[in-house]
Amino acid sequence: MPAYFDHNATTPLHPAARAAWLQASEQHWHNASSLYREAGMTSQALESARERLGDLLGTEAERIVFTSGATESNNMLFTGLAKCLEADAVVAISAIEHPSVREAARAMLGRGRIIEIPVDEEGVVQPAALQEVLARHQPALVSIMAANNESGVLQPWPELLRLCREAGVRLHTDAAQWLGKMKATGLGLCDYVTGSAHKFGGPKGIGFFVMAEAGESFPLLHGGPQENGRRAGTENYPAIEAMVTALEALTSRLPEQALAQAVLRDAFIQQMQQQFPGLRVISGGAPRLWNTVLMVMPRHDNLKWLTRLTRLGVAISTGSACSSGKEGASVVLQALGASWEELRRAVRVSGGWDSTAGDWQNLATAFAAAGEGLDAGGRAPD
Ligand code: PMP
């Protein structure tokens, strides 16, 4: 197994989630909608998982709809809004939203109805910037992610929520990267919250959508009456159980574990800056997730770094889906006005809950070796 520094892309299954999934699959595999006793027990277990997730988020369980993940939840939101908003209503989203928010909003509402809220030079949505958008455009909804997937920047969502409340505007926060890495408490105060289990040690293909009100319904999938008619399709109870168990397990170690990890991350940054003068850490001055470092390397394309590091047994990311076209290039760096050259040199590393000092040290050493190889030119060693 290579040294894995791509946790923002996905995480390995947490052992507690695996155990919970197996147990749920063995004991409660019946269809929660069926009418016999065993099915009723699956339904009860499912509702208890919903309650536990509600407790973690600080919201009533009734507002939670289980989905296949954050992409589906974000699409549900904008599809639903497209149906119920006035034709001239606009929606405000931050300039650094994940494509599942940005593209869903554009596809469902049309580009002309999306107002972009700018970020400052550290990638943070400043309250003043939101205030200005609220006053100028009176959006029907504001969507600002809790933590950014590329840079790890934490948005001041409690303050942004307060401003939205004052303006009588609903706030959606995509918490896909926040959950499991930061305490979830209070997120339920936001009107809409979306998340994906596999970003925090749960299985892939399961996530949730917190609706503003229990009775609200933005169905994307039509069919059976599952999830109170809000999302058709047989509920994946084992995956739901595993998701909630993973979140409980990770949350119980916060914030101590996060503080310890941040020290390791900062030592890594320091070593990288010594090894590579001119290396730029994006949003280095802003509050960030303890596991994430988005860097612009002083030389060489990110795909070259990635290839060399892969051969050295290290898995990292280019910070975006691809480095060959602007469409796939770092949304964060584009929002910060980076040049095309810089976009091509962006790499992201994202550690895990149990990354050790040695793992971070080895990562820096692998970068040094990869850099030497790239500087020397020629083929990457096999
Ligand atoms: N939002 C954010 C911030 C993400 O990082 C991701 C995953 N990269 C998503 C949404 C989409 O999650 P999923 O692919 O699990 O649907």
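Reader: How do you know that strand E7 and strand E8 pair, and in which sense do they do it?

Author: This is a predicted model, and in it E7 (residues 192–196) and E8 (residues 207–210) share four bridges. Pairing takes at least two bridges, so four bridges count as a pair, and its sense is antiparallel. For an example, look at Thr194, whose bridge partner in E8 is Phe209.

Reader: What order do the strands of that sheet of seven have?

Author: The order is E2-E8-E7-E6-E5-E3-E4, in an open sheet with mixed pairing. From one strand to the next, the twist averages 20°.

Reader: Why are strand E2 and strand E4 said to stand at the edges?

Author: Count their partners: E2 (64–67) and E4 (114–117) have a single partner strand each, so one side of each has no neighbour in the sheet.

Reader: Which strands does helix H2 lie across, and which does helix H4 lie across?

Author: H2 (residues 37–57) lies across E2 and E8, and runs at about 115° to E2. H4 (residues 99–109) lies across strand E3 (91–94), E4, strand E5 (141–143) and strand E6 (170–174), with an angle of about 155° to E4.

Reader: What makes the contact of H3 with H4, and how do its residues divide?

Author: On the H3 side you'll find Thr71, Asn74, Asn75, Phe78, Thr79, Leu81 and Ala82, and on the H4 side Ser100, Val101, Ala104, Ala105, Met108 and Leu109. They divide into eight nonpolar, five polar and no charged residues.

Reader: And helix H1 with helix H8: why is that pair called roughly parallel or antiparallel?

Author: H1 (residues 15–27) and H8 pack at an angle of about 150°, with axes 8 Å apart. Anything over 145 counts as roughly antiparallel, so that's what H1 is to H8. H1 passes H8 in a right-handed crossing. Ala16, Ala17, Ala20, Trp21, Ala24 and Ser25 of H1 meet a set of H8 residues that includes Tyr237, Pro238, Ala239 and Glu241.

Reader: What domains does the assignment give, and how far apart do their centres lie?

Author: The domain assignment gives domain 1 as 3–11 + 254–376, and domain 2 as 15–251. Their C-alpha centres lie 27 Å apart. The contact between them takes 26 residues from domain 1 and 30 residues from domain 2.

Reader: What order does the sheet of three strands have, and which strands stand at its edges?

Author: That open sheet goes E9-E10-E12, with antiparallel pairing.

Reader: Which strands does helix H9 lie across?

Author: H9 lies across E9, E10 and E12, at about 15° to E10.

Reader: What makes the bond that joins Leu254 and Pro255 a cis peptide bond?

Author: Its omega is about 0°. Pro255 lies in the loop between H8 (237–251) and H9.

Reader: And what is it about the phi of Glu227?

Author: It's positive, near 50°, in a residue other than glycine. Glu227 has its place in helix H7 (residues 226–229). Both features get a mention because most residues other than glycine have a negative phi, and most peptide bonds are trans.

Note on methods:
Residues are numbered from 1 along each chain as its sequence is written. This is a predicted model: local features need pLDDT of at least 70, side-chain atom pairs count only at pLDDT 80 or more; totals for chains, interfaces and linings use all residues. Side-chain values use heavy atoms; hydrogens and water are left out. Helices (H or I, at least four residues) and strands (E, at least two) are DSSP runs, numbered from the N terminus. Axes are lines fitted to C-alpha atoms, for helices over the stretch in contact, and angles run from 0 to 180 degrees between N-to-C directions. Contact means heavy atoms within 4.5 Å. Domain bounds come from an automatic or database domain assignment. Ala, Val, Leu, Ile, Met, Phe, Trp, Tyr, Cys and Pro count as nonpolar, Asp, Glu, Lys and Arg as charged, and the others, Gly among them, as polar. Angles under 35 degrees count as roughly parallel, over 145 as roughly antiparallel, 65 to 115 as roughly perpendicular and the rest as oblique. A crossing is left-handed if the near helix is turned anticlockwise from the far one by less than a right angle, and right-handed if clockwise.
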